[in-house]
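Reader: I would like to learn how to read a model like this one. Please take the features one at a time.

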Amino acid sequence: MNQPEDLSFRQDELPEDRSLIIVDDDRAFAQRLVRAMELRGFEVRGAHSIAEGIDLIRERAPAFAVVDMRLEDGNGLEVIAELARARPDARAIVLTGYGNIATAVTAVKLGAVDYLAKPADADDVTDALLAPSDDKAPPPENPMSADRVRWEHIQRVYELCNRNVSETARRLNMHRRTLQRILAKRAPK
């Protein structure tokens, strides 16, 4: 199979240990990312929950990890903390559809080297994983707009409230009709 030519790194830049785990409960996204990272030369194992991610780490601690912040069974930072205990030199990044500064700081304190907004593409993930320890990956060429980040956050809270508009509006401190108008619109770009 031919490797894509537009990779932002050279295959010889990969370290000898190319083991990578991807922990994300969005199965379609995780499957695409697993394939893309395999094409870039990583040896990828995937998990869809905190328990599965921790099992993979205990089975064989990887050199790299990509972990979604919010998983169905809890917070992805638990996986980052376990990886830091099992393999302190591992490089991990946290993916999230919404985030805040406090969570980013916590992720870095637990051992994550970067924090990327979903949907991050494989080039952004690779750049973050392979960036020198004293350097951050360059900012993404096409980051999510502030409107899109807001919309993603509202959608997530709406789903967590079992699609209950009144409960979602209460938790977001927003008028119910305003929330209904936002939910009726298409996602911003």
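Reader: In which loop does Arg163 lie?

Author: Arg163 lies in the loop between helix 6 and helix 7; helices (H or I, at least four residues) and strands (E, at least two) are DSSP runs, numbered from the N terminus. This is a predicted model, in which local features need pLDDT of at least 70 and side-chain atom pairs count only at pLDDT 80 or more, while totals for chains, interfaces and linings use all residues. Residues are numbered from 1 along each chain as its sequence is written, and side-chain values use heavy atoms, leaving out hydrogens and water.

Reader: What is the phi of Arg163?

Author: Arg163 has a positive phi of about 60°, although it is not a glycine. Asn162, also not a glycine, has a positive phi of about 55°.

Reader: Is Asn162 buried or exposed?

Author: Buried means under 20% relative accessible area, exposed over 50%, and partly exposed in between (1.4 Å probe, protein chains only). Asn162 has 68% relative accessibility and therefore counts as exposed.

Reader: How is a pair of packed helices described?

Author: By the angle between their axes and the distance between the axes. Axes are lines fitted to C-alpha atoms, for helices over the stretch in contact, with angles from 0 to 180 degrees between N-to-C directions. Here the axes of helix 1 (residues 27-39) and helix 5 (residues 122-130) come within 10 Å and cross at roughly 60°.

Reader: Which residues make that contact?

Author: Leu33, Ala36 and Met37 of helix 1 meet Ala122, Val125, Thr126 and Leu129 of helix 5, where contact means heavy atoms within 4.5 Å.

Reader: Which residues of helix 1 are buried?

Author: Phe29, Ala30, Leu33, Val34, Ala36 and Met37 are buried in helix 1.
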